[in-house]
Amino acid sequence: MQINPITRMDYPDPDVIRVEDTYYMISTTMHFYPGGVILRSYDLIHWEIAGYVYDKLDSTPEQRLEGEKNSYGRGMWAASLRFHNGKFYVCFGALETQKTYIYSAKEVEGPWERKELEGYYHDSSLLFDGDGRVYLVYGNREIKLVELKRDLSAVKEDGFKRTLAVDPDDVILGYEGSHLYHIGNKYYLFMIHWPKYGANRRTEVCLMADSLEGEFTGGTVLDDDMGYFNQGVAQGGIVEATDGSWYAVMFRDSGAVGRIPVLVPISWKDDFPVFGENGVIPKEFKTPDSRPGYRYEPLYTSDDFRYAADEKGHCILKKQWQWNHEPNPQLWSICPEGGLRIQTGKICTNLTQAVNTLTQRMMWPECSAEVAVDVSDIREGDIAGFCALQGCYAAACVSREKNRFFLNIMAKKPEDGFKGTDFTADDISEKVEILKPLVRLRAIANFADMRDTVEFYYEREGQWKKLGKTYKLYFKLDHFTGCRFGLFCYATRETGGSAVFKDFTYHYNSKE
């Protein structure tokens, strides 16, 4: 069995802990809601979604996609996950609000209580030390430490603080993604590092000290791409397994599908960690399984959108779904006969402004999905359909023109390399009239060997017909997330129209 990459999906900046026989991993969720996803495992290889830390953050205009405002590439970044004195703790910063949030809960499923620290602490990591004191390490290039009040409500004014490490100038990306641990009688600081020399890729660094006041020394502990296009593996947490062995969970850049977690065995020599086999990630290794035979719920799901409302009249979607930004509950619903209805609520100029776009992560190396779209109630100028969601999106969409329905491709591509958010509209290569306001669409994504493509098809008379051409997908810093399947409906002229999505079917091709 191929172990790595372990989730095959975009779960960047992982942090991992063990509570008794259960491992938990948190990952960056940026602008998606609910946010702060936490995964659960009993063997460190297979994972399922345990829950989310929050349903909404601050409901800013950016987070709600009001007007042309958005939270792309911002929101929740690089969380620290800890368990201390019977409670779970999650700490992360949000670039958009320039705040740092600390959540706590007795159960990983919640409910979570929230506190805020003044200021933005980049890629922060919590340390509950043995003497009862609490610290926060953070920073980019200069890695700093501050002491928090014991209730985690604020930085302690007269508390201990210092700079732990400063990266040299000859780097592309200086130290960040800090994870601080007190193991035995040593303190360990793990960080990402991207030097200009050598293979010119992400590496993982560990510095060690006898005390928080002492000098942190060490160096690179992992410089390996697993033979995958010089895409280095770095940034993440370490954890002691149930049998006393140690592992790191870090991520690998994998092209448009995103940044995927990788599991690395750790041994120790003279109290210093040795990653993999002499710094190389082995292809096969064993991990202890605390619950053999356990059946994990997949990280992806098909959905017929048939839900029973709770006591408050709300329908709670499957855990695998996330909204592109904070959803507007007034503009989506579950139809009594089954189906997800998305109603337009503002005028948009492009797909990335559409409120209530519902998404699922795509999977490496190949995946596909199908969905039926009922456009009976869209209005003139509305656009509804099925997309590969990213800054350079591609979508199969339906529009209405004088009571006739047309299917076409809408796509955007980078104007020049990786220049922020500058895009030019791609030509619509095909426009197909559909005789009924119900069409089934298919998207096929190929990320193998970083091909990073998507193709769209529509069903007619029982046959699948390709729509448009093969579209290139890109991982870019504008969204800073892997490409996702997305269901959307938005207005370009007047609001009030809606589309209904039915029978979503997800297929994963592992090629194993």
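A residue is called buried under 20% relative accessible area, exposed over 50%, and partly exposed in between. Lys-431, with a relative accessible area of 49%, is therefore partly exposed. The model described here is a predicted one. It contains 28 salt bridges and, by the distance rule for cysteine sulfurs, zero disulfides.

**Salt bridges**

- Lys-431 takes part in a salt bridge with Glu-401, and their closest N and O atoms are 3.0 Å apart. Because Glu-401 belongs to strand S27 (residues 394-401) and Lys-431 to strand S30 (residues 431-434), this pair ties together parts that are 30 residues apart in sequence. Glu-401, at 31% relative accessibility, also counts as partly exposed.
- Lys-186 and Asp-210 form another salt bridge, with 2.5 Å between the closest N and O atoms. Lys-186 lies in strand S14 (residues 186-195), whereas Asp-210 lies in the loop between strand S15 (203-209) and strand S16 (217-222), so the contact ties together parts that are 24 residues apart in sequence.
- Asp-225 and Arg-201 meet through their side chains in a salt bridge of 3.7 Å, N to O. Here the residues come from two loops, Asp-225 from the one between S16 and S17 and Arg-201 from the one between S14 and S15, so the pair ties together parts that are 24 residues apart in sequence. Asp-225 is buried, with a relative accessible area of 13%. Arg-201 is likewise buried, with a relative accessible area of 12%.
- A network of salt bridges links Lys-56, Arg-64, Glu-66 and Glu-326.

**Cysteines**

- The count of disulfides is zero; the cut-off for such a bond is a pair of cysteine sulfur atoms within 2.5 Å.
- For Cys-315, the closest cysteine sulfur is that of Cys-335, and the distance of 10 Å is too far for a bond. Seen from Cys-335, the closest cysteine sulfur is in Cys-315, again at 10 Å and too far for a bond.
- Cys-335 counts as buried, at 6% relative accessibility. Cys-315 is among the residues that lie nearest the centre of the largest pocket.

**Sheet S17-S18-S19-S20**

- Four strands, in the order S17-S18-S19-S20, make up an open sheet with antiparallel pairing. The edges are strand S17 (233-240) and strand S20 (272-275); each has a single partner strand, so one side of each is left without a neighbour in the sheet.
- On average, neighbouring strands of this sheet are turned by 35 degrees against each other, direction ignored.
- Strand S19 (residues 259-269) is joined to S20 by four bridges, and the two run antiparallel. Ile-266 stands opposite Phe-275, a residue of S20.

**Sheet S5-S6-S7-S8**

- Another open sheet has four strands in the order S5-S6-S7-S8, and its pairing is antiparallel.
- From one strand to the next, the twist averages 20 degrees.
- Seven bridges pair strand S6 (residues 87-94) with strand S7 (residues 99-105) in the antiparallel sense. Ala-94 stands opposite Lys-99 in S7.
- Strands of a sheet pair through backbone hydrogen bonds, in either a parallel or an antiparallel arrangement.

**Largest pocket**

- The largest pocket holds about 1100 Å³ of space. Its lining consists of 35 residues, and those nearest its centre are Pro-34, Asp-55, Cys-315, Ile-316 and Trp-323.
- Strand S4 (48-54), strand S21 (322-323) and strand S22 (332-334) are the elements that give two or more residues to this lining. S4 contributes five residues, the largest share.

Notes. Residues are numbered from 1 along each chain as its sequence is written. This is a predicted model: local features need pLDDT of at least 70, side-chain atom pairs count only at pLDDT 80 or more; totals for chains, interfaces and linings use all residues. Side-chain values use heavy atoms; hydrogens and water are left out. Two strands pair if DSSP finds at least two bridges between them. Axes are lines fitted to C-alpha atoms, for helices over the stretch in contact, and angles run from 0 to 180 degrees between N-to-C directions. A salt bridge is a side-chain nitrogen of Lys or Arg within 4 Å of a carboxyl oxygen of Asp or Glu. Buried means under 20% relative accessible area, exposed over 50%, partly exposed in between (1.4 Å probe, protein chains only). On a 1 Å grid over the protein atoms alone, a cavity is a set of points where a 1.4 Å probe fits but cannot get out, and a pocket is an open set with protein on both sides within 12 Å along at least five of seven lines; lining residues have an atom within 4 Å of a point. Grid points are joined across faces, edges and corners, and a volume is the space filled by probe spheres set on the points.
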